[in-house]
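Trainee: I am new to this structure. Please take a close look at one part for me, the charged side chains and what surrounds them.

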Amino acid sequence: QVQLVESGGGLVQAGGSLRLSCAASGIIFRLNAMGWYRQAPGKERELVASIITDGSTNYADSVKGRFTISRDNAKNTVYLQMNSLKYEDTAVYYCQIRMLPTPSLTYWGQGTQVTVSS
């Protein structure tokens with residue numbers, strides 16, 4: 001079993017910054033992808049950014065140039081630095097870890113609220 005513990009959400013004014021962290025524990029494959037998804041009220045959950053163990057990254061178009069994902073493989077921890085936050089970034093942000101090459105082994109965190117005031 002794998003557990004994910006997220007931290008760093010909160011309330012921030014538009015234009016501000018927040019940093020999310022997510023630490024994974026348990027049985028973790030050496031090759032894995034960690035990522036952040038978000039879900040706003042009335043909308044489907046969507047990918048924000050992901051990063052593989054080798055450092056390869058993927059970003060949603062809506063956050064490119066504003067958000068940066070990084071990871072510490074020794075700590076099985078992923079970070080999301082969010083700058084120039086917009087009202088539309090308001091959502092519950094979920095951490096995910098996906099074991100490779102067995103993507104069926106996917107685990108989610110409990111979610112952390114990010115609220116951006118306009």
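Mentor: Start with Glu 46. Its relative accessibility is 36%, so Glu 46 counts as partly exposed. The scale is simple: buried means under 20% relative accessible area, exposed means over 50%, and partly exposed lies in between (1.4 Å probe, protein chains only).

A word on the source. This is a predicted model, where local features need pLDDT of at least 70, side-chain atom pairs count only at pLDDT 80 or more, and totals for chains, interfaces and linings use all residues. Residues are numbered from 1 along each chain as its sequence is written, and side-chain values use heavy atoms, with hydrogens and water left out.

Now the partner. Glu 46 forms a salt bridge with Arg 38, 2.8 Å from N to O. The term means a side-chain nitrogen of Lys or Arg within 4 Å of a carboxyl oxygen of Asp or Glu. Side chains of opposite charge can pair when their charged atoms come close. Arg 38 has 6% relative accessibility, so Arg 38 is buried.

Arg 38 has another partner. Asp 89 also bridges to Arg 38, with the closest N and O atoms 2.9 Å apart. Asp 89 sits in the loop between β8 (77-82) and β9 (91-99), while Arg 38 is in strand β4, so this bridge ties together parts 51 residues apart in sequence. Strands here are DSSP runs of E, at least two residues long, numbered from the N terminus. Asp 89 is buried, at 1% relative accessibility. Through shared partners, salt bridges join Arg 38, Glu 46, Arg 66 and Asp 89 into one network.

How many salt bridges are there by this rule? The count is four. One of them links Lys 64 and Asp 61, at 3.1 Å from N to O. Asp 61 is exposed, with a relative accessible area of 63%.

Next, charges and rings. A charge sits over a ring if NZ of Lys or CZ of Arg is within 6 Å of the ring centre and within 35 degrees of the ring normal. Arg 45 lies over the face of Tyr 94, 3.7 Å from the ring centre. The charged end of Arg 19 sits over Tyr 79, at 4.2 Å from the centre of that ring.

The whole structure holds one aromatic pair. The rings of Tyr 37 and Trp 108 have centres 5.0 Å apart and planes at 65°, so they meet edge-to-face. The rule takes rings of Phe, Tyr and Trp (its six-membered ring) with centres within 6.5 Å; planes under 30 degrees apart are stacked, over 60 edge-to-face, and the rest tilted. Tyr 37 is in strand β4 (residues 32-39) and Trp 108 in strand β10 (residues 106-108), 71 residues apart. Tyr 37 is buried, at 19% relative accessibility. Trp 108 is partly exposed, at 37%.

An open sheet of four strands runs in the order β1-β3-β8-β7, with antiparallel pairing. β1 and β7 (67-72) are at the edges with a single partner strand each, so one side of each lacks a neighbour in the sheet. Two strands pair if DSSP finds at least two bridges between them. Six bridges join β3 to β8. Leu 20 has Leu 80 as its bridge partner in β8.
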